[in-house]
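Please examine the sequence and the model shown below. The paragraphs that follow treat the surroundings of the ligand and then the packing of helices.

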Amino acid sequence: MTDSTPARPFPPGFLWGGATAANQIEGAYATGGKGLSIQDVMPRGIAGPRTERPTPDNLKLEGIDFYHRYAEDIALLAEMGFSVFRFSIAWSRIFPSGDDELPNEEGLAFYDRVLDELEKHGIEPLVTISHYETPLALAEKYNGWTSRELIGFYERYVRVLFDRYGRRVRYWLTFNEINSVLHAPFMSGAITTPKEELSPQDLYQAVHHELVASALATKIAHETAPDARVGCMVLAMPVYPLTPAPADVLAVLHADHANLMFGDVHVRGAYPGYALRHFRENGIELDITDEDRELLKHTVDFVSFSYYMSICETADPEARKAGEGNIMGGVPNPTLQASEWGWQIDPTGLRIVLNQFWDRWQKPLFVVENGLGARDELIEADGRLTVEDDYRIAYLNDHLVQVGEAVADGVEVLGYTSWGCIDLVSASTAQLSKRYGFIHVDRDDDGTGTLARRRKKSFDWYAGVIRSQGASLLRGDDGA
Ligand code: BG6
């Protein structure tokens, strides 16, 4: 970030805000009739072991206690001038076992209260229907999305949501980072088969079930809640060739296709040719019914995505070794710096992905996750405790500048919700010390802390960005 020219203007009506997920903030994991979710048995995040039952070292069980403090938290978001707040509904609060006949009224009433609070402050809700928190019973009894039966349970759940909240919620996302099931089958797809033993056949059948369920949700929303706009949500990660060798460029194409397929089906309503070829050549014979094909034609109103980093791809097996262990595959880009958790920081990648998606789909886009996970230090300044998080301000500034550049390129962007606007428990590592927020939450990785909320320096900075509609962002001399 260099302080020179102001950023480009954002369009009128652009939605500014932040994003969260129920399992990472709510806590109260067994309160109000809630059933267990897969997160309740993942005390160490994606890579860690699963436990039989919840264990006290799982920080998500208490989260940041949003369940009890939502009013205070939403008031703080309103103080920053948020016009949108993304949160998820915990499926197991509504259907504790996932396959229950009737919903849990206490769970529904909780989200009524959250929506009341948002309405009070004029904040638009953006609701994720399923954010890595499938009811545990659906994993244990049905092996998650590998089973076609999950489509019916999801349908029952979304019907209840649209019926109850359809007049109050305009923006809906069907599945968080739906393409992540390829890499994290348990967290993303509630699939209990260990990843190494999961066949491509079962994995892609699960993908297919989720895609059908997503299209079904879109259909139901359009029929029952005419003002609702439904979006898919994908993990976006631009892929660059490690070298200009055509084989590396082809490796990029294949890596891109693996992820773009999800958007292609959501936007175009059918599997693209490259996916059919992949299935054919890998012995994958999907059970796709005529009814499925009809349902897939119910395409989304907008495309939303998370963006944190880019990666490189190469056809060279030796060079590929450098990427081993990276959850999304790929290899590190030698020209970029990384966060402490190895996520390579690439603001320009956000402009690239916005253009790529717009050129490909011509659907309005929504950046629903972006941010820097970093360790923060509480200090005393002007008689109050705060965090001088200039690193976070720089990251967000530079990424928002690129959103402005994409808007200037002609891309239709509905809004931007930074990830973890209030500190929360990390999805990949289950730490609290990997913080993203404008609001500090006093809780440590060992579970101690008062849960007090404190405004960081970035709190005032983001309030200024929103107040000025992005005019206070600083563009580097090179336009980046
Ligand atoms: C996204 C998820 O992958 O990245 C969020 O949708 C997650 O749930 C976010 O929290 C950041 O990842 P992490 O591992 O730093 O929490």
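In this predicted model, a polar side-chain atom of Ser426 is placed 3.3 Å from an oxygen atom of the ligand. The side chain of Glu369 also has a polar atom facing a ligand oxygen atom, at 2.7 Å. For Lys434, the separation between a polar side-chain atom and an oxygen atom of the ligand is 2.7 Å. The ligand taken alone exposes 380 Å², of which the protein buries 95%.

The helices may be considered next. Two packed helices are described by the angle between their axes and by the distance between those axes. Helix 6, spanning residues 149-165, and helix 8, spanning residues 200-224, have axes that come within 10 Å and cross at roughly 25°. Because angles under 35 degrees count as roughly parallel, helix 6 is roughly parallel to helix 8. Their crossing is right-handed.

A second pair is formed by helix 9 (residues 246-268) and helix 13 (residues 347-361), whose axes lie 11 Å apart and which pack at an angle of about 45°. Helix 9 and helix 13 are therefore oblique to each other. The crossing of helix 9 and helix 13 is right-handed.

Conventions:
Residues are numbered from 1 along each chain as its sequence is written. This is a predicted model: local features need pLDDT of at least 70, side-chain atom pairs count only at pLDDT 80 or more; totals for chains, interfaces and linings use all residues. Side-chain values use heavy atoms; hydrogens and water are left out. A polar contact is a pair of N or O atoms within 3.5 Å; within protein, one must be able to donate a hydrogen and the other to accept it, and residues adjacent in sequence count only if both atoms are side-chain atoms. Accessible areas come from the Shrake-Rupley method with a 1.4 Å probe; for residues, only the protein chains shown count as cover. Axes are lines fitted to C-alpha atoms, for helices over the stretch in contact, and angles run from 0 to 180 degrees between N-to-C directions. Helices (H or I, at least four residues) and strands (E, at least two) are DSSP runs, numbered from the N terminus. Angles under 35 degrees count as roughly parallel, over 145 as roughly antiparallel, 65 to 115 as roughly perpendicular and the rest as oblique. A crossing is left-handed if the near helix is turned anticlockwise from the far one by less than a right angle, and right-handed if clockwise.
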